[in-house]
Amino acid sequence: MKVLLSWLREFAPVEGDPVEIGDQLSGLGLAVEEMTIIGGGLDGVVVARVLDLRPHPDADRIQLVDVDAGDGEALQICCGAFNMSVGDLVPLATLGTTMANGMEIARRKMRGEWSNGMLCAADEIGLGDDADGIMLLEGSSSAPGTPLAEALELLPDVLYDLEVNPNRPDAMSIAGVARDLAARQGVAFAMPEPAGEEAGDDVNGRMSVEVVDPDLCGRFVARVVNGIRVGPSPRWLANRLTALGMRPINNVVDASNYVMLELGQPNHTYDLTTLEGAALRIRRAADGETVETLDAVVRTLTAADGVIADGNDTAIGIAGIMGGASTEVSDTTTSILLEMAWWDPMSITTSSRRLGLRSEASARFERGSDPEVAELAMRRFVELLSDSGATLAPGIVDIRGNLPACSPIRVRIARVNALLGTDLSRDDVADLLGPIGFASEPAGDDDLDVTIPSFRPDSATEIDVVEEVARLHGYEEIARTLPRSTITGALTPYQYDRRRVRDAMVGLGLDEVMPVPFLAPGDLERAGLPADGITVTNPLVAEESVMRASLRPGILKTLGYNASHRLHGLGLFEVGHVYRTPLPVDGEVPRLPDEREHLAVALGGRDAGEAVAVWSALADALDARDYQLVADAPPGLHPTRTARIEVDGVPVGHVGEVDPGALAAYDISERVGWLEVDLEALLALPHGQRPYHRVSRYPSSDIDLAFEVDEGTPASAVSSCLAAAAGGLLADLSLFDVFRGAPVADGRRSLAFALRFQADDRTLTDAEVAEVRQACIDAVHAALPATLRG
């Protein structure tokens, strides 16, 4: 939809810079796709008269045109258009003119013939979209050489090309756009008040109308206009139509189009003398019925199409789409029947699409026109023709069919603010809606009953009214916030920690396995575990009838299977549930098993020290610092190379090696480091709160200490003594070697530790390092049956 700023200002005193006004239109939902300054940039373009036309000697698609540019001399122009005749007045861009597209007109040769300017099409000088031929200045009495802007009475103006969505039928008119813009600027809006007197015989004695299908036609209004003299339209009116993309034809057709563009009411004129029976019947077409439309095409209709028929019931037009040729206004027309109607949008849409015929009228009826504007539009039509002597006959034919019901809509102010994120009061909402014709009355404690105007059939529910409030309030005035939605599927702290456990294991290069949770009878015994598994009453298969009490049998099966395929040195882990016989509670045995989630790690070809390293990494990942490894000999694990893990004094698992007997039962020939932790017990203890330690800027000192201890003395006992003796100077402590064999006595082993000392406030002297080293040695000797190795 194109609109002129000057035309908008006839409805409201719109103020502001054209760019600012364009932004306001876009903010109202009428996006400005293009803004063009018209009526200017025509310097150097003059009126010229065609004196002669002749073919170009060397080009079939160019002719030579001699024109008079005002000096009486013939000026040769090479032109590619052929729609001119001798005597026509045409626009001529003279030499030196700079066109709107930046092209400069200069004297040029075209196939050997000189061209001394350019004859212009309408689109080349910003006077419409017509590019099919040279613009002919029909009806102009201007002398050759007259500046074109003067000849056409062109004034500078601003043309906006708006994107109008299907839900805005009112914006398909100048009045509708002006109403919105006036509301945004807070200025008064007024519809035109056409002047004119009625004269002649009453219409009721000259014609009749019958609406056969009231669902098709909700309102049909007809009046007679006398004193018609068909001729050219006033230049100002023709200029406006041209700017909006319509070709002026004659004053009657132009007035009809002008009213449609201005008020949004399509209309049709009939030559009253050619209307058979001086009557109209509005009905559905018969299948196969034909009508010749104004574009000289005979169209075949169906029973779904609406038609306007004459007194003989012969179709003379397609309802809401296009009139018929038989009653077309001609140069001899003196009286017309003026029709304005409201047509069912769905019927018009269906017919228009089936026929492949879309007109400016159908585009408006499809969206829903205003059934109450017809009388005003008729008076406006006659006013535009009054200078040519047209008068309106007394009386009016006004037949109403079935129009859409329009009941007040309850608008909850709390709902408006909740949807928009605003804090508007009831009065604020009413003040926003009033200027665009939405009448409102207070209702309830803080609500409004809003009556939708007849020109807004798109608004039918509360949410439609809320959208209007948002448009008029201004989307840019609403603070931007990120809506918060309900967060579903979040991880619990336990699930998050379990993911950290898996990530830590994968980070150590271990592969996760998922054996079935059922065992065959005897699997627990083969793994060195007590045969206290819970037996399933109705197992799927007999080989899987025992619920596992440990993750060890399943992982050992996996290692044994891979060993049979000569795959050794695997590092595996599993996070899974184990099922144990429940202990009595208050003298009663629970019916369900004691189900817990465990972590198990198997390190093929590696020893207990490697398993301890895995535990240490896991403890670091979970920030579980206060733990001890206490020598233990649980079933199925090596009796002298296994320790119980205690965190804050609570047993949470074991670390060490699998018993050789259990390995042999699964045909595993390599040592297997083992770690099994009760995750539920571990994660229920304090963890994840690693304290911050200041990073020292001073250098550290490293020493190594190796102690010979009994096989039953855990390495953790030695490391605890070392840590306690070193105190705050200990920056790091790690076990880096375990040795058995000569010269270490039988039943004993050597544990080698690396210690790093570092102070926060100074560089340690050799004497200080020696002192803390000796304190560590003395502490181990005093607490354990240990001997320092030289």
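Exposed here means over 50% relative accessible area, and buried means under 20%. I'm keeping those cut-offs at hand while I go through this model, which is predicted.

**Surface patch.** I looked up Ile37 first. Ile37 comes out at 54% relative accessibility, so I put it down as exposed. I find Ile37 in strand S2, residues 31-38. Together with Val19 and Met35, Ile37 makes a nonpolar surface patch of about 260 Å² accessible area.

**Domains.** I checked how the chain is divided. The domain assignment lists domain 1 as 2-39 + 157-185, and domain 2 as 45-151.

**Helix H6.** I took residues 251-263 next. H6 has 13 residues and runs 18 Å from first C-alpha to last, close to the 18 Å expected at 1.5 Å a residue. How much of H6 is buried? I get 12 of the 13 residues, so H6 is largely enclosed by the rest of the structure. Among the buried ones I see Asn251, Asp254, Tyr258 and Glu262.

**Helix H16.** Residues 608-622 were my other helix. The end C-alpha atoms of H16 are 21 Å apart, which agrees with the 21 Å its 15 residues should span at 1.5 Å a residue. My buried list for H16 reads Ala608, Ala611, Val614, Trp615, Leu618, Ala619 and Leu622. They cover an arc of only 140 degrees around the axis, so they sit on the same side of H16.

**Salt bridges.** I have 48 of them for the structure, and I went through a few.

Arg526 and Asp523 pair at 3.4 Å, N to O. Both are in helix H14 (residues 523-526), three residues apart, about one turn of the helix. I have Asp523 as buried at 3% relative accessible area, while Arg526 is partly exposed at 35%.

Glu574 and Arg548 pair at 2.8 Å, N to O. Glu574 is in strand S30 (571-580) and Arg548 in the loop between strand S29 (546-547) and helix H15 (552-564), so the bridge ties together parts 26 residues apart in sequence. Here I find Glu574 buried at 2%, and Arg548 buried at 6%.

Glu646 bridges to Arg644, with the closest N and O atoms 2.9 Å apart. I logged Glu646 as buried at 15% and Arg644 as partly exposed at 21%.

Key
Residues numbered from 1 in each chain as written. Predicted model: local features only at pLDDT ≥ 70, side-chain atom pairs only at ≥ 80, totals over all residues. Heavy atoms only, no water. Patch = residues over 30% accessible without salt bridge, like charges linked within 9 Å, V, L, I, M, F, W, Y side chains within 5 Å. Areas by Shrake-Rupley, 256 points an atom, 1.4 Å probe, with all protein chains shown as cover. Salt bridge = Lys/Arg side-chain N within 4 Å of Asp/Glu carboxyl O. Helix = DSSP H or I, 4+ residues; strand = E, 2+ residues; numbered from the N terminus. Buried < 20%, exposed > 50% of the residue type's maximum accessible area, 1.4 Å probe, protein only. Domains from an automatic or database assignment. Expected span 1.5 Å × (residues − 1). Arc of directions from axis to C-beta.
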